[in-house]
Amino acid sequence: MENRIPLIAGNWKMFKTCSEAVETAEQLARLVANVTDREAMIAPPFTAISLVSETLRGSRVSLGAQNLFWETEGAYTGEISSDMLVSAGCKYVIIGHSERRQFFDETDETVNKKINAAIRSKLIPILCVGESEKERESKDTFSVLDKQIIKGLKEFTSEEMKTLVIAYEPVWAIGTGKTATSDQAQEVHLFLRSLIEKKFGKTLAKSVRILYGGSVNPGNISELMAMPDVDGALVGGASLSAETFSKIVCYP
Ligand code: PEP
């Protein structure tokens, strides 16, 4: 790995009330207080973001959101803007998660607009990409990822992309208990890095962090992190317990 600080990010999805979120964040902050060589992040549901932000103040855990809307403000009932997330204490935002693509009609075009909004507000976007089981079986993994990256990052400059984080999340591995092998993850991460090099140049390709996501747990994190192009993890289910997530963050 070059000089890329590993990022272990937890996506809490639609779990936890405000009090549950604060309690878990408090526990996590305590459990990872001595970790200095990697970054931990949690993305609670919108309702708990401000409270968790207070809880995490001065801790080693960063805060993220799970989504945003690309307009700055306006009559968009139910939506949240990038500036609102910044004002609530967010540093990161997850964009284009496969559940949003699957259940909420997210497309590469809307992903592109959301990334634009994130960088405009100086939020760090975590762009999620990944193939379905059918696409992997029909050997379309690389063409699917190519399309997601090229369309999702259309018309950005390398300067605008300098904080970008990519999460490779094979859809067949999310919440299924099936993890990509470390070799499968490495193969795809290397491919994604080469795409970034082609599109944005060597410097960005070397610095961009590429996370793996899909049934990551305390038992498989070390093997994944041993791969040269795996720079961290995006964790769903196993991030809901502070104890379990801290074991992933503190992988040896
Ligand atoms: C995710 O939702 O991003 C994810 C990777 O979920 P899980 O860890 O539960 O597979």
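**Pockets, cores and selected residues**

The lining of the largest pocket comprises 8 nonpolar, 6 polar and 4 charged residues; here Ala, Val, Leu, Ile, Met, Phe, Trp, Tyr, Cys and Pro count as nonpolar, Asp, Glu, Lys and Arg as charged, and the others, Gly among them, as polar. The structure is a predicted model, in which local features need pLDDT of at least 70 and side-chain atom pairs count only at pLDDT 80 or more, while totals for chains, interfaces and linings use all residues. Residues are numbered from 1 along each chain as its sequence is written, and side-chain values use heavy atoms, with hydrogens and water left out.

The largest pocket has a volume of about 460 Å³. On a 1 Å grid over the protein atoms alone, a pocket is an open set of points with protein on both sides within 12 Å along at least five of seven lines, a cavity is a set of points where a 1.4 Å probe fits but cannot get out, and lining residues have an atom within 4 Å of a point. Grid points are joined across faces, edges and corners, and a volume is the space filled by probe spheres set on the points. Of the 18 residues that line the largest pocket, Lys 13, Met 14, Gln 66, Arg 100 and Phe 104 lie nearest its centre. Helix 4 (residues 98–103) gives the most to this lining, with 3 residues; helices (H or I, at least four residues) and strands (E, at least two) are DSSP runs, numbered from the N terminus.

The second largest pocket holds about 230 Å³ of space. Its lining has 18 residues, and those nearest the centre are Ser 98, Arg 101, Gly 130, Gln 148 and Val 171. Two or more residues of this lining come from each of helix 4, strand 5 (124–129) and helix 7 (141–152). By class, the lining of the second largest pocket divides into 4 nonpolar, 8 polar and 6 charged residues.

A search of the whole structure finds 1 cavity of 30 Å³ or more. Val 32, Val 35, Arg 38, Glu 39, Ala 40, Arg 60 and Val 249 line the largest cavity.

The largest nonpolar core has 68 residues, and Leu 153 and Leu 192 have the most contacts inside it. Such a core is a set of buried Ala, Val, Leu, Ile, Met, Phe, Trp, Tyr and Cys residues joined through side-chain atoms within 4.5 Å; buried means under 20% relative accessible area, exposed over 50%, and partly exposed in between (1.4 Å probe, protein chains only). Helix 8 (residues 182–200) gives the most to this core, with 7 residues. Apart from it lies another core, of 13 residues, among them Ala 9, Met 41, Ala 43 and Ile 126.

Asn 11 is found in strand 1 (residues 7–11) and counts as buried, at 5% relative accessibility. A polar atom of the Asn 11 side chain lies 3.0 Å from the backbone nitrogen of Lys 13. Asp 231 is placed in the loop between helix 10 (221–225) and strand 8 (232–235). This residue, Asp 231, is buried, with a relative accessible area of 0%. The side chains of Asp 231 and Arg 193 are joined by a polar contact of 2.8 Å, a polar contact being a pair of N or O atoms within 3.5 Å; within protein, one must be able to donate a hydrogen and the other to accept it, and residues adjacent in sequence count only if both atoms are side-chain atoms.
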